[in-house]
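Please open the structure in your viewer and keep the selection tool at hand. The stops below are meant to be visited in order.

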Amino acid sequence: MSDLRDLYQELILDHSRLPRNFGKLEQANGVQEGFNPLCGDRVIIYVCHSEGKILQAQFEGCGCAISMASASLMTEALKDKTLEQIVALFTDFHTLVTQGVVSEPNHLDKLTVLAGVAEYPMRVKCATLPWHTALAALKIQTTQRSSII
Amino acid sequence: MRRKDFPILNQKIAGKNLIYLDTAASAQKPQVVINAIQNYYQQNNANIHRGIHTLSERATQAFEQARKVIQKFINAQHDYEIIFTSGATESINLAACSLGRLLEAGDEIIVSTLEHHSNIVPWQMVCEQVGMQLRVIPLLEEGVLDLKAYAELFNNRTRLVALCHVSHVLGTINPIKEMIEMAHQHHAAVLIDGAQAVSHLPVDVQDLDCDFYAFSGQKLYGPSGIGVLYGKSSWLKKMPPYKTGGGMIRRVSFAKTEYADLPAKFEAGTPHISGAIGLGAAVEFVQEVGFTEIMQHENELMSYLLEQLKQLTAAQVLKASRPQKGVVSIIIPEVHPHDIATILNNDAIAVRAGNHCAMPLMERLGASATLRISLGMYNNQQEIDQLIVSLKEGLKLFQRGGNV
């Protein structure tokens with residue numbers, strides 16, 4: 001079994017303890033609640049976007065360290081991205097957390113810290129819940145299946 | 001206790017001895033149960049109640065023998081009061097669907113805050129279909145049901161009470177005999193969800209005087225996919241079938257179908273024959289060990305677990321009745337139960353984390369999830385010691401400088 005520190009890296013623990021962009025975004029023009037009934041993780045994603053570009057993303061919710069850190073890191077990553085970039089980012093992120101590696105890790109930036117999740121198949125949904133929720137808030141259809149929204 | 005009878009426990013996961021503390025979800029199986037299933041498929045497999053050949057006779061005999069074993073186990077008056085289902089969930093669905101057709105708009109059903117979704121949703125559905133009201137027994141701070149409030153929930157439209165024997169989240173034992181008596185004084189029938197009780201304490205349905213009692217095989221050291229609905233024959237006889245098809249009929253024509261007698265009336269289709277035989281073997285195993293031994297061992301172990309958990313000063317142990325049966329739920333502030341479960345899994349310790357299919361109870365407790373540690377006859381003190389060590393060690397990761 002892999003070292004727990006590969007999963008719970010300091011950056012993840014930091015973001016779960018002190019989530020960034022946490023709280024309701026009053027001027028949001030996209031809001032979606034995501035819920036995983038199997039474990040009780042719950043997030044609400046707020047996005048403010050204009051002309052196909054994210055101006056600001058925030059979230060509220062409660063859940064495990066992985067889901068909260070993933071939501072926090074995601075809100076940072078979404079800022080200033082176009083919808084096309086977000087789709088590409090999510091595709092790579094999904095590959096990362098299910099397979100542990102990705103061909104071009106550079107544009108994932110800090111999100112690569114969640115690569116350890118791939119060793120724990122039961123926890124993949126924790127990492128992807130905020131993403132599926134954000135894509136729904138942006139009304140983006142994806143090929144990855146989600147049953148949580 | 002009887003640990004050697006459970007072959008699965010004798011294994012290492014990633015070099016560490018497996019410590020199984022998730023028996024409330026599914027108990028491990030003794031070799032005699034595995035043998036019974038294997039023997040059935042190797043020697044006797046055939047469909048039951050149909051064939052004229054020897055294998056069908058043997059299969060039918062083994063299947064019906066299992067029914068008799070279960071009848072004696074819960075002291076039902078008749079073997080035909082034991083209906084085989086796929087588990088406690090289907091047992092309750094059967095009762096709800098069938099009884100629903102005997103109930104009328106304006107009638108009321110009482111459930112408790114402690115219930116598993118499987119003892120809430122079927123009744124909710126019937127209420128919606130028929131136009132009935134669902135009423136809920138509240139939970140007190142001490143982790144026990146509010147019996148005073150329970151008494152006040154009854155009125156002349158109360159038809160049924162659906163209640164767990166032992167809470168699958170808190171380990172509280174409900175005073176069901178007293179609660180059944182009260183329901184009967186108000187002419188309401190009672191269904192008891194015994195899924196978390198039957199492996200831990202003796203159940204006598206005649207003494208309890210419950211109208212229905214539901215449980216699952218997999219929590220009773222038996223196979224999954226098999227369960228039981230006990231019903232008083234007076235009820236089962238007047239209830240309509242819940243599923244229809246082969247085996248549950250006496251005569252079929254396109255004009256009319258006459259239903260078979262009990263228990264066949266409720267067992268349409270080929271049942272889980274090996275499951276029933278395996279469950280029969282599991283029950284015989286539990287009877288052979290004996291509840292005197294089981295209760296003494298598990299009570300000692302539960303006391304030890306509760307005592308050792310005090311070492312984790314940050315952990316909140318959810319209150320339950322004394323004695324407490326089978327399960328303990330804990331919450332550790334700032335650390336989500338799923339993260340703790342992953343930490344423990346790294347030490348080959350299996351526990352359950354989540355809302356335990358009890359969202360209304362979670363809301364009442366003000367928690368989104370708990371960590372549930374559950375015990376079976378095979379657990380021992382060394383395993384609890386290792387659990388505490390792993391919890392302390394793992395929590396360090398999350399609580400820098402924290403007092404755990």
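Begin by selecting helix H4 (residues 83–99) and helix H5 (residues 124–137) of chain A, whose axes come within 10 Å and cross at roughly 170 degrees; axes are lines fitted to C-alpha atoms, for helices over the stretch in contact, and angles run from 0 to 180 degrees between N-to-C directions. Because angles over 145 degrees count as roughly antiparallel, H4(A) and H5(A) are roughly antiparallel to each other. Helices here are DSSP runs of H or I with at least four residues, strands are runs of E with at least two, and both are numbered from the N terminus.

This is a predicted model, in which local features need pLDDT of at least 70 and side-chain atom pairs count only at pLDDT 80 or more, while totals for chains, interfaces and linings use all residues. Residues are numbered from 1 along each chain as its sequence is written, and chains are lettered from A and ligands numbered from 1 in the order in which they are written.

Now show the side chains between the two helices: A:Phe90, A:Phe93, A:His94, A:Val97 and A:Thr98 of H4(A) meet A:Val124, A:Ala127, A:Thr128, A:Trp131 and A:Leu135 of H5(A), where a contact requires C-beta atoms, placed from the backbone, to lie within 7 Å. By class, this contact has seven nonpolar, three polar and no charged residues (Ala, Val, Leu, Ile, Met, Phe, Trp, Tyr, Cys and Pro count as nonpolar, Asp, Glu, Lys and Arg as charged, and the others, Gly among them, as polar).

Next, select the contact of chain A with chain B, which takes 16 residues from chain A and 14 residues from chain B. On the side of chain A, there are twelve nonpolar, two polar and two charged residues.

Moving into chain B, find the open sheet of seven strands in the order S4-S10-S9-S8-S7-S5-S6, with mixed pairing; two strands pair if DSSP finds at least two bridges between them. Strands S4 (82–85) and S6 (133–137) of chain B stand at the edges, each with a single partner strand, so one side of each is left without a neighbour in the sheet. Within this sheet, zoom in on S5 (residues 108–112) and S7 (residues 158–164) of chain B, which run parallel and are joined by three bridges, and look for B:Ile109 opposite B:Leu160.

Finally, select the open, antiparallel sheet S13-S14-S17-S16 of chain B, where S16(B) and S17 (residues 370–374) are joined by three bridges and B:Arg352 stands opposite B:Arg372. Helix H11 (residues 337–346) of chain B packs on this sheet, touching S16 and S17.

Notes: Angles under 35 degrees count as roughly parallel, over 145 as roughly antiparallel, 65 to 115 as roughly perpendicular and the rest as oblique.
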